[in-house]
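Please bring up the model on the screen. I will go through some positions in the chain, then a helix pair, then a cavity.

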Amino acid sequence: MTRRSPGFRSRLVAAGCAALTLTGCAAATPAATAPPAPAGALEGDITVFAAASLTATFTGLAETFEAENPGTTVSVNFAGSSDLVTQIIEGAPADVFASADTTNMTTLTDAALTAADPVDFATNVLEIAVPPGNPAGIADLADLAGAGVKLVVCAPEVPCGSATVAVAAAAGVTLTPVSEESSVTGVLGKVTSGEADAGLVYATDVRAAGETVEGIEFEESAEAVNTYPIVALTGSASADVAQAFVDYVTSRGGEDVLTAAGFGAP
């Protein structure tokens with residue numbers, strides 16, 4: 001569940017949630033129902049590289065896309081956006097890239113690895129995740145700087161990490177985390193395992209984690225709204241399938257699934 005700190009103005013549309021399997025921890029939540037993907041004569045296999053915070057939604061979207069296009073197979077690789085970009089640049093086979101920020105997407109476009117112009121499809125903001133019962137008594141962002149608080153955040157080069165730097169600066173708070181992780185799943189895993197008193201992750205991750213964590217919204221999160229772009233990549237052996245998947249994610253049906261998971265509109 002999520003508690004709001006005083007003065008918070010939510011920037012996301014609250015709705016249902018999707019099932020999520022996290023690296024280092026597992027949390028089951030009711031699955032959002034994905035609308036049918038456009039049927040057609042598509043054939044081919046694609047690999048989608050997607051930000052870790054998209055695990056629940058993209059797993060469902062990929063399954064529905066395959067069901068409506070029986071000649072296709074969609075494999076999805078989830079990790080921190082910066083790690084995925086490094087893998088793609090180094091030659092890892094990928095047909096579609098969905099980033100949790102525009103900075104990492106720009107790296108790929110500058111490297112001439114995108115087959116089209118990226119399309120923004122969602123937004124997200126940070127939220128404080130704490131273990132059930134909030135044993136450390138965290139109430140707002142400033143509390144994360146308290147003596148003895150075991151805080152875990154994303155590394156600065158990861159979108160959730162750069163957002164953490166931005167919100168801390170906006171609040172005038174100096175954070176001293178005990179660990180910096182390569183993705184939001186790593187942060188959430190430390191919280192759910194009891195290794196951390198609190199972690200800064202996306203609001204959608206808190207929702208997908210269900211009862212394994214509690215969420216605390218804070219006003220400064222509005223200072224770092226992450227925009228998610230998606231694009232088909234060059235060199236795909238199934239370019240038509242890759243673009244069709246991008247079109248599905250950015251369609252009204254894809255938007256409905258993302259909204260149900262707590263993402264905001266682009």
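Alanine 62 touches Val74, Val76 and Phe245, leaving aside residues up to four places away in sequence. Contact here means heavy atoms within 4.5 Å. The model is a predicted one: local features need pLDDT of at least 70, side-chain atom pairs count only at pLDDT 80 or more, and totals for chains, interfaces and linings use all residues. Residues are numbered from 1 along each chain as its sequence is written, and side-chain values use heavy atoms, with hydrogens and water left out.

Staying with alanine 62, its place is in helix H1, residues 55-68. Helices (H or I, at least four residues) and strands (E, at least two) are DSSP runs, numbered from the N terminus. Is alanine 62 buried or exposed? Alanine 62 has a relative accessible area of 3%, so it is buried. The cut-offs are under 20% relative accessible area for buried and over 50% for exposed, with partly exposed in between, using a 1.4 Å probe and protein chains only. Threonine 73 is 11 residues from alanine 62 in sequence, and their C-alpha atoms are 8.4 Å apart.

Next, asparagine 69, in the loop between H1 and strand E5, which covers 72-79. Its relative accessible area is 0%, so asparagine 69 is buried.

Of its 266 residues, 52% count as buried. Taking contacts between residues at least 6 apart in sequence, 80% join residues at least 24 apart.

Now to helix H4, where threonine 164 is found. Threonine 164 counts as buried, because its relative accessibility is 6%. What does threonine 164 touch, not counting residues up to four places away in sequence? The list is Leu126, Val153, Leu175 and Leu200. Cysteine 154 is 10 residues from threonine 164 in sequence, and the C-alpha to C-alpha distance is 7.6 Å.

Valine 173 sits in the loop between helix H4 (159-171) and strand E10 (179-181). At a relative accessible area of 16%, valine 173 is buried. Its contacts are Leu141, Ala142, Ala145 and Ala168, again not counting residues up to four places away in sequence. One of these, alanine 145, is 28 residues from valine 173 along the chain, with the two C-alpha atoms separated by 6.9 Å.

Two backbone entries next. Most residues other than glycine have a negative phi, and most peptide bonds are trans. Alanine 112 is not a glycine, yet has a positive phi of about 60°. Asparagine 134 also has a positive phi, near 50°, and is a residue other than glycine. Where are they? Alanine 112 is in the loop between H3 and strand E7 (119-124), and asparagine 134 is in the loop between strand E8 (126-130) and strand E9 (151-154). Alanine 112 counts as exposed, at 55% relative accessibility, whereas asparagine 134 counts as buried, at 10%.

On to the helix pair. Helix H2 (residues 81-89) packs against helix H3 (residues 102-110) at an angle of about 10°, and their axes are 9 Å apart. That makes H2 roughly parallel to H3. Axes are lines fitted to C-alpha atoms, for helices over the stretch in contact, and angles run from 0 to 180 degrees between N-to-C directions. Angles under 35 degrees count as roughly parallel, over 145 as roughly antiparallel, 65 to 115 as roughly perpendicular, and the rest as oblique. Which residues meet? From H2 there are Ser81, Ser82, Val85, Ile88 and Ile89, and from H3 there are Asn104, Thr107 and Leu108. By class, this contact has four nonpolar, four polar and no charged residues. Nonpolar covers Ala, Val, Leu, Ile, Met, Phe, Trp, Tyr, Cys and Pro; charged covers Asp, Glu, Lys and Arg; the others, Gly among them, are polar.

Last, the cavities. The structure holds three of 30 Å³ or more. A cavity is a set of points on a 1 Å grid over the protein atoms alone where a 1.4 Å probe fits but cannot get out; lining residues have an atom within 4 Å of a point. The second largest cavity has a volume of about 60 Å³. It is lined by 13 residues, and the closest to its centre are Ala51, Ala52, Gly80, Ala100 and Val158. A volume is the space filled by probe spheres set on the points, and grid points are joined across faces, edges and corners. The lining of this second largest cavity has nine nonpolar, four polar and no charged residues.

Technical notes:
1 Å grid on protein atoms, 1.4 Å probe; cavity = no way out; pocket = protein on both sides within 12 Å on 5 of 7 lines; lining within 4 Å.
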